Amino acid sequence: MQGATRTTCPYCGVGCGVLARANQDGTAEIAGDPQHPANFGRLCSKGTALGETVSLDGRLLYPMIADERADWDRALDLIAQKFTAAIAAHGPESVAFYVSGQCLTEDYYVANKLMKGFIGAANIDTNSRLCMASSVAGHKRAFGSDTVPGNYADIELADLVVLVGSNLAWCHPVLHQRLLAAREARGTRIVVIDPRGTATCEGADLHLPLAPGSDVALFNSLLAHLADTGRLDQDYIADHTNGFEAALAAARATDAATATGLAPAQIAAFHALFAVHERVVTIYSQGVNQSINGTDKVNAIINCHLATGRIGRPGMGPFSVTGQPNAMGGREVGGLANTLAAHMDFSDPVHRRIVGEFWRAPLLARQPGLMAVDLFRAVAAGKIKALWIMATNPVDSLPEANAVRDALKNCDFVVVSDVMRNTDTVAYADVLLPAAAWGEKDGTVTNSERRISRQRPFLPIPGEAKPDWWQICEVGKRMGFTEAFTYAGPAAIFSEHADLSGLENSGTRDFDIGAHATIDQASYDALIPFQWPLPSGGTAHETRFFAHGKFFTPDLRARFVATPVRASANTVTRNAPLLLNTGRIRDQWHTMTRTAKTPRLMNHIGEPFLEIHPRDAAARGLAPADLCEVSSPLGSVLLRTLITTRQAPGRVFAPMHWTGQYASKGRVGALIAAHVDPHSGQPELKRMPVQVKHFAAQFHGFAVSIKKPLDTPTEYWALAPARGGWRLEFSGTKSPADWAAFARALLGADNAELLAYRDTARTNYRFAAFAGGQFLGALFVGAEPVAVSRGWLAGLLLGPLMDASSRLAVLAGRAGQGIADQGAIVCACFEVGRNRITDAIVAGAQTVSAVGAATGAGTNCGSCRAEIGGIVDATRLAHAV
Ligand code: SF4
């Protein structure tokens, strides 16, 4: 792409390289960077749609104090004054920062330096606590350091890839595509360990739908099996590890079949596959980490790799993949409350001296601060008097989300830095700071394989927005720390970060990028992606840790960790008989502040939903597409019912993305108790007992509208953008007295021509609004979820003026004969709908690849290929009957 800027995707931890070029219309051209070693030109649906998310719609463009526009000086002075006053009156522990894996490393570095070095407390934690803190704790227990041993190439060199608690196909799609390509090329075997059937299971050799949280039992049984069948690497255990006997004893005490609910034959099949393949990579993600025994799960996995010596060599090793784009960068700078900068530790006096002297920070915090859940509990208890939230949305994403919301309401002073004017968290800010967004930011991020890449700006920073690092440094200066927070820019911060990493290191600490300690602006601008470690004098190359069997423990030996099975506190009861699992969907990112800006990404799944097994649905009188109320003692949500055998009986699943901005009651964080892992502080987000009931709506409706519907007065609504307008699902228990008035108000069409169809006896109402032939919107109401062609109706919003007969046809809610209606979108990359795919199959495309050749669907990121496979099977079956 001519004139493109090389940058990095801001979504998941794969860290794909992106080529980006600004368009005149405010959008951007986007392509995968063929030279980036994470993706070699590939992008997933989210990355592909990045150019549609950079508009200024909804952006926060100037500072605000108490909802009034303010200038930067006033806002920054007020923040410095409030933080300084709180510290003076209540001590440094009375203030806190809550930051994000969206922050660039340079932002993270100065935030950590200000809190831990100069305020003198360690109350800075990050939303990465919710993502991978258990992996950090597990790595440190086993290796003495938070080290990801391998790299992405190992996935391609492995003979067996075990995916644990990872829906790689949807959550790390480009990595999944690399795995599938390797399978195609060399027959890699794939095992998926996940309580539910996901897109990742399609094409796996083995899927183990174990009971939620029982991974420790499964890997314990594997360790015992390896010992019993002579598959251990005794030399490696003797020469490079400690603690094997205790770990094996705990493993032998495990009854895996009972704990996991798996058939003995399924467990045996997994054991056999692991035992016979030397090159094994075990990838794990949030399904492992987000658990009260997440750290034990990590160590149970690592134990099996250590016991077989399968670590540090090509094609083998345990591999934690992070959710966020810069979770790893946050770990490097000590963005977690319990770590110091540059992978150093509070518990080591030498580390505290190194950091304190380097920063010239006599007040350096001496002990860990509050982790995310405890931090917000301290806010609720009134112990935190001043809180600064950056680039994250805790009112939706944390467990006990309603308590978090109430805590912010009652906090003395809350600062929020964000790119968006309206989020559920922004509503509670005393001071609102406009931040630079992706495309405008300048700095570095680190992906899951320890590869540091540049995020480069290709758009001007709009309005009065400023980068996070600048905001933090300005507050630091105003608090009296001018010298420590005067930087020429991100390059100077990166250079300082690199310098600290190499200080008194000499290979004693894993994180070392000392080679860049003196980097200048030109070299920083030209920096190409590299993996750490890269010590002073080194040159960039592919890196792998532990090849020589040396670890970062005092005796240089890895530690086996005994992992006895512990029961979760979250067990089902009579009043909460179903276990709720939460997670991500293919086309959304976190709390949707960016991905919901593009219709393309809202077309696949546009509403919050609950996946439930047919048996559990029938027991509650739930039919497909009914609404259901999901409740726990902490709160309730309203979700669309998706009945599927992908869920086991007794278990349900809901996505974590929806917020109060896009649905009336879709915040699943409000349901979840904040039980945390004792080692990592990471909350259990995958196992919450809930009750599910049918929501007896009297009416269901669907609308498309050029204007954004405001104040929808129904119990349930879910809003999504469409090209040229909006789409809205709504339902309620009390019908409006006048549906026509309701339609006019909802569509913002007071003076428009309103065509109407009414069948009161059957609760069937249809309205279409026009202004001089221009389609303004339509609204459909029924006693059941309305069966209209949503994609076709949304497509009319951008259409030409309509004549009288076309206007009447809108009321039918479906395209007439001979008019294209491609149906619900399946492939977001090329916007290919279900009807087009079905037509291609009927015309002879009998495989997923053939459908791809005919329509393009599934040929970019490939994360819809499993769904296309399902349509191929269903269509062929229908035509065979
Ligand atoms: Fe971005 Fe998708 Fe790559 Fe993740 S896999 S970094 S979301 S393009």
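1. Ala-625 sits in the loop between α24 (614-619) and β23 (627-632); helices (H or I, at least four residues) and strands (E, at least two) are DSSP runs, numbered from the N terminus. Although Ala-625 is not a glycine, its phi is positive, at about 75 degrees. Ala-625 is partly exposed, with a relative accessible area of 29%; buried stands for under 20% relative accessible area, exposed for over 50%, and partly exposed for what lies in between (1.4 Å probe, protein chains only).

2. The model is predicted: local features need pLDDT of at least 70, side-chain atom pairs count only at pLDDT 80 or more, and totals for chains, interfaces and linings use all residues. Residues are numbered from 1 along each chain as its sequence is written, and side-chain values use heavy atoms, with hydrogens and water left out.

3. Other backbone details deserve attention. Thr-763, which is not a glycine, also has a positive phi, of about 45 degrees. Thr-763 belongs to the loop between β30 (753-759) and β31 (764-771) and is buried, its relative accessible area being 19%. A cis peptide bond, with omega near 10 degrees, runs from Trp-532 to Pro-533. Pro-533 is located in the loop between β19 (530-531) and β20 (558-559).

4. Helix α16 spans residues 349-359, and its buried residues are His-351, Arg-352, Ile-354, Val-355, Gly-356 and Trp-359. These buried residues pack against α3 (105-119) and α21 (490-502), where contact means heavy atoms within 4.5 Å. Just after α16, Arg-360 adopts a positive phi of about 50 degrees.

5. Which residues surround the ligand? They are Cys-9, Tyr-11, Cys-12, Val-14, Gly-15, Cys-16, Leu-43, Cys-44, Lys-46, Gly-47, Pro-173 and Val-174; a residue is near a molecule or strand if one of its heavy atoms lies within 4 Å of it. At least two residues of this shell come from each of α1 (45-48) and α7 (173-186). By class, nine residues of the shell are nonpolar, two are polar and one is charged. Here Ala, Val, Leu, Ile, Met, Phe, Trp, Tyr, Cys and Pro count as nonpolar, Asp, Glu, Lys and Arg as charged, and the others, Gly among them, as polar.

6. Lys-116 is placed in helix α3. Lys-116 is buried yet has no salt bridge, and the nearest side chain of opposite charge, Asp-125, is 7.0 Å away. Lys and Arg count as positive and Asp and Glu as negative, while His and the chain ends are not counted. Leaving aside residues up to four places away in sequence, Lys-116 touches residues including Ala-121, Ile-124, Leu-336, Thr-339, Phe-346 and Leu-363.

7. Side chains of opposite charge can pair when their charged atoms come close. With a salt bridge defined as a side-chain nitrogen of Lys or Arg within 4 Å of a carboxyl oxygen of Asp or Glu, the count comes to 44 salt bridges. One of them joins the side chains of Asp-345 and Lys-140 (2.6 Å, N to O). This pair links distant parts of the chain, 205 residues apart: Asp-345 is in the loop between α15 (327-333) and α16, and Lys-140 is in helix α4 (residues 129-143). Asp-345 is buried, with a relative accessible area of 18%, whereas Lys-140 is partly exposed, at 21%.

8. Arg-667 and Asp-396 also form a salt bridge, their closest N and O atoms being 2.9 Å apart. The partners lie 271 residues apart and link distant parts of the chain, with Arg-667 in the loop between β25 (651-655) and β26 (688-694) and Asp-396 in helix α18 (residues 394-397). Arg-667 is buried, with a relative accessible area of 14%, and Asp-396 is buried as well, at 4%.

9. Ala-517 occupies the loop between α21 and α22 (521-526). Ala-517 is buried, with a relative accessible area of 16%. Not counting residues up to four places away in sequence, Ala-517 touches Ser-495, Ala-498 and Asp-499.
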